Amino acid sequence: MEAQTLDFDCVGIDDGGVIPIGHTGRGQDMSPEFLIWNLSPQAKTLAITLEDLNHPIRDFTHWVIWNIPAGERIKAGIPAGKSVPSLGNAKQGVAYGRHRYAGPKPPRRKTHWYRFTVYALDCRLELSPRARKKAFLRAAEDHILQVGCIEGAFE
């Protein structure tokens, strides 16, 4: 099954624009709000990854979270933890932000590009919070209904 496009906004972050300092490691390091508008009726859960596209380690992952109940809005400021009770016990895996959102924080005077990817899945994943992005993608592979990306820069 080929995934369809998922349309979404990261509130305050335009695709191709600058990521506001509040969503970075130099600010409040708060996850942005996500608004989703063409969600498949078959979607049961959502997942999000945040990657640094310019890091020397290819696809350097800042954040991975899955099993967010499917819906049109994910509030900003997702709290740290392996499990997030306020999001239907969504799971946060191991990334630069270990079991938490860790926003952009490139070396001083260097601009890096970051990609938020939102996935709509047809199930909940039985996956340990010790999982990294690669394990998440392997487990989700046959369950991804839709996927969308937004990229932004931060210096």
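**Stop 1: His62**

Begin with the side chain of His62: one of its polar atoms lies 2.7 Å from the backbone oxygen of Ala102. A polar contact is a pair of N or O atoms within 3.5 Å; within protein, one must be able to donate a hydrogen and the other to accept it, and residues adjacent in sequence count only if both atoms are side-chain atoms.

Before going on, note that this is a predicted model, in which local features need pLDDT of at least 70 and side-chain atom pairs count only at pLDDT 80 or more, while totals for chains, interfaces and linings use all residues. Residues are numbered from 1 along each chain as its sequence is written, and side-chain values use heavy atoms, with hydrogens and water left out.

His62 lies in strand S6. Helices (H or I, at least four residues) and strands (E, at least two) are DSSP runs, numbered from the N terminus. Is His62 buried or exposed? It counts as buried, at 2% relative accessibility. Buried means under 20% relative accessible area, exposed over 50%, and partly exposed in between (1.4 Å probe, protein chains only).

Now show what surrounds His62. Leaving aside neighbours within four places in sequence, its contacts include Leu50, Glu51, Asp52, Tyr96, Arg100, Ala102 and Tyr114. Contact here means heavy atoms within 4.5 Å.

**Stop 2: Glu51 and its partners**

From that list, select Glu51, which is buried at 5% relative accessibility. Its side chain takes part in salt bridges, each being a side-chain nitrogen of Lys or Arg within 4 Å of a carboxyl oxygen of Asp or Glu. The structure holds 5 salt bridges.

Arg115 is partly exposed, with a relative accessible area of 23%.

Because Glu51 lies in S5 and Lys133 in helix H1 (residues 133–140), the pair ties together parts that are 82 residues apart in sequence. Lys133 is buried, with a relative accessible area of 12%. Through shared partners, salt bridges join Glu51, Arg115, Lys133 and Glu151 into one network.

**Stop 3: helix H1**

Which residues of H1 are buried? They are Lys133, Phe136 and Ala140. These residues cover an arc of only 60° around the axis, which puts them on the same side of H1; the arc is that of the directions from the helix axis to the C-beta atoms. Turn to the other side of H1 and find Lys134 and Arg138, which are exposed. Elements covering the buried residues of H1 include S5, strand S6 (60–69), S10 and strand S11 (144–154).

**Stop 4: Glu33 and Arg73**

Select Glu33 and Arg73, whose side chains meet in a salt bridge (2.3 Å, N to O). Glu33 lies in the loop between strand S3 (17–18) and strand S4 (34–36) and Arg73 in strand S7 (residues 73–74), so the pair ties together parts that are 40 residues apart in sequence. Glu33 counts as buried at 17% relative accessibility, whereas Arg73 counts as exposed at 51%.

The loop between S3 and S4 is also the place of Gly27. Gly27 is partly exposed, with a relative accessible area of 33%.

**Stop 5: the sheet with S4 and S7**

Colour S2, S4 and S7: they form an open sheet of 3 strands in the order S2-S4-S7, with antiparallel pairing. Two strands pair if DSSP finds at least two bridges between them. The edge strands, which each pair on one side only, are strand S2 (8–10) and S7. S4 and S7 pair over 2 bridges. Phe34 stands opposite Ile74 in S7.
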